[in-house]
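Good morning, colleagues. Please take a moment with the sequence and the structure before I comment on selected details.

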Amino acid sequence: MTSPAPHAADGHDLIRVRGARENNLRGIDLDLPKRRLTVFTGVSGSGKSSLVFGTIAAESQRMINETYSSFVQGFMPNLARPDVDSLEGLTTAFIVDQERMGANARSTVGTVTDANAYLRTLFSALAEPSAGAPGAYSFNVPSVTAAGAMTVQKGDRTIAEKTTFSRVGGMCPRCEGMGQVTDLDLTELYDESRSLEDGPFTIPGYTADGGAVKIIAKSGFLPADTPIASFTARQRHDFLYKEPTKVKIDGISMTYEGLIPKIQKSMLSKDPDSMQPHIRAFVERAVTFITCPECEGTRLAEHARESRIDGVSIADACALQITDLRDWVGGLEDGGAPGVGPLLANLHALLDAFVTIGLGYLSLDRPSGTLSGGESQRTRMIRHLGSALTDVTYVFDEPTIGLHPHDVGTLNRLLLELRDKGNTVLVVEHKPETIAIADHVVDLGPRAGTAGGTLQYEGDVAGLRASDTLTGRHLDTRVAVKGTVREPTGTIAVRDARGHNLRGVDVDIPLGVLTAITGVAGSGKSSLLEAARAVEPSITVVDQGAIRGSRRSNPATYTGLLDPIRKAFAKATGAKPALFSNNSEGACPQCKGAGVIYTELGFMETVSTPCEDCGGRRFQPAVLELTLAGASIADVLEMSVARAREFFSTAESSVPAARKLLERLEAVGLGYLTIGQPLTTLSGGERQRLKLATRMGEDGGVVVLDEPTTGLHLADVQTLLDLLDTLVDGGTSVIVIEHHQAVMAHADHLIDLGPGAGHEGGRVVFEGSPAALIAEASTLTGQHLRDYVGAGTAATR
């Protein structure tokens, strides 16, 4: 029997990239197989993200946006086409990155994964006494009652009928579903000895000639020329608490509202970490947050808290560890709850996904803004595990971040499951365990920045091992366990620590050495360090959290590097130093020195587009004409750390203070980073190494690092270990929370927590040297460390 001829549609099995030049890419051509798992490797800054996110995923998003109607596109910014000659075979791309989940203070693990929606429906069906529809169990839905007249057209007659409307919501009326109430210090809001005309406010944005103050002064409710202290009781109430009221000001209809509710809506409803620095400083100074005394932090109204299934309220269910909640839901399934079988099955499958992906230690009421980058990424991944979509592209950015070696294997299986459903999976990754499962590998390099951006290898994993690329040479390299370890110079004695899931932990953390705290995610490592900081408040924590600053902040401003640079430019040109700051006089007036215009749409992600006035260079044209050794301030901010160090080391542009700071940035592995790159674009690992570089100028003390290997290529891990040795030998006690076996093997002392996560952890299961842990191999960490040092090639020391 003759086989049928291949169908033309079956020939589209490749994503073809031709001439990719985004950022530092150098005209890359490659073919990526569809419905396969492709891993992109290379040192940090080699161009992996530029190829995967900045080219392939970005063009997919741009082309999807073009399918919207002209009306909708009119509200959307125009996304620039990536710098590439051609892209063929693209499919819809879902990006699963490490960005922190929404800054909305109402967002929790349950709300972002739809688990709360399932629970609300479940309680609406089964709970006693019933609170009502699912909305009655939602802390985002307020209870509303209204009454009035409604006109009804009946034939030629218009009849007015009385009507009432009510909606039962689950929002706590006292805290409005926030779980916290605020106590405002009025003395930090205004100077009551001054009148409205004199500008009494100390609130950001409330200047004497500003719109907010104008509405207050001309509202007609308050005397503008009288000191606030002299207001009558009625005037004081209107000033502080009046409900929104329409007023006419200079012939324009506006809304007047009391000062306190206005501040609560505009400032206190946001996650503090998402605020601009000056607003956050005001909030921290003027506002005290306390647990709501009415709902006790559950966010829910009384009727929702009192409605229960087998003695468990929806607040109790959301507070349970997800592994326990799964067991509770399983019990309802076994009990044959009437009419909700499919609902329970779906909820149980969702909770299973949490546990499978290594997040079973979380609870649904955990604020999403408190999740780490790795936890946020895995939470987003849950949305896709049960998806019915096929033949789409999933793009992951280092999904193993924050995972213990024991959990990496589980993650690998999930990636393969996505592939086996007929999807294309693209992963940027450094971990050998994940590289090993790839169907296809793309290695970029050879180094970072201008020394990268070229295709080093494309093929299978066996070919990568045999190649002479930097990744291929280090793929099987293993750090050897130390023959001798340093002796402690002292200890931090932690006694009976019970924070979070710790179970009366007693441990001595040695000083003067390199200590690694290990254990699966959720085992209590961070809680132990909180206990240590309570004993020794001088401990400096260098974590991966967002660096607080504006969108104009960059490595040059954060490290103080810009100060000596500005002074050097001022000395060379005779101009004021302020002209050479994009936060001051020299900034482009259109984009305020950001270089981009941000378009914030409530129903979409914020999108940035290059400023047309300055072409993205941030400064006024006159400032760009002032140069130092032939380079403008914008040219300097566009240099990599390595290039800037060379520039400020030459005779005609020598700036010793700048060179010293740049050498520290190179020492922590950030030589490829552009010194003017916005801090908001840095990964968690890059932020941590930037913080570490600023700490290197200090002597002694105790420094804690949270997974410092995050984002590091295999070849750079050894550089990090050398840096940690330098810090310890210089008198600094270094404590690292780490999952990378190379750091464990190199440590002087290990403290292993476990044995599991959440309430299954919280105990010290091992203390001692790496060699002793390997010999004992009684914990998950010990077993994986033993396997690590027993495989591959030992690194030379």
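N23 is found in the loop that runs between β1 (14-20) and β2 (28-33). Please bear in mind that we are looking at a predicted model. At N23, phi is near 55°, a positive value in a residue other than glycine. N23 is exposed, its relative accessible area being 63%. E296 likewise has a positive phi, near 55°, and is not a glycine. With a relative accessible area of 66%, E296 is exposed. As background, most residues other than glycine have a negative phi, and most peptide bonds are trans.

The bond from G445 to P446 is cis, with omega near 5°. P446 belongs to the loop between β16 (440-445) and β17 (454-459). A cis peptide bond also joins G754 and P755, where omega is about 5°. Here the loop in question, the one containing P755, lies between β29 (749-754) and β30 (763-768).

Next, the cysteines. How many disulfides does the structure hold? The number is 0. A disulfide requires two cysteine sulfur atoms within 2.5 Å. For C175, the closest cysteine sulfur is that of C295, at 3.7 Å, which is too far for a bond. For C295, in turn, the closest cysteine sulfur belongs to C292, also at a distance of 3.7 Å, and again too far for a bond. C175 counts as buried at 5% relative accessibility, and C295 is buried with a relative accessible area of 1%.

Let us turn to S581. Is S581 buried or exposed? Its relative accessible area is 6%, so S581 is buried. S581 sits in the loop between α20 (562-573) and β23 (596-599). Leaving aside residues up to four places away in sequence, S581 touches R566, G586, A587 and F619.

A search of the whole structure finds 5 cavities of 30 Å³ or more. The largest cavity holds about 160 Å³ of space. Which residues lie nearest the centre of the largest cavity? They are K431, T709, T710, G711 and H740, out of a lining of 18 residues.

Thank you for your attention.

Methods. Residues numbered from 1 in each chain as written. Predicted model: local features only at pLDDT ≥ 70, side-chain atom pairs only at ≥ 80, totals over all residues. Heavy atoms only, no water. Buried < 20%, exposed > 50% of the residue type's maximum accessible area, 1.4 Å probe, protein only. 1 Å grid on protein atoms, 1.4 Å probe; cavity = no way out; pocket = protein on both sides within 12 Å on 5 of 7 lines; lining within 4 Å. Points joined across faces, edges and corners; volume = space filled by probe spheres on them. Helix = DSSP H or I, 4+ residues; strand = E, 2+ residues; numbered from the N terminus. Contact = heavy atoms within 4.5 Å.
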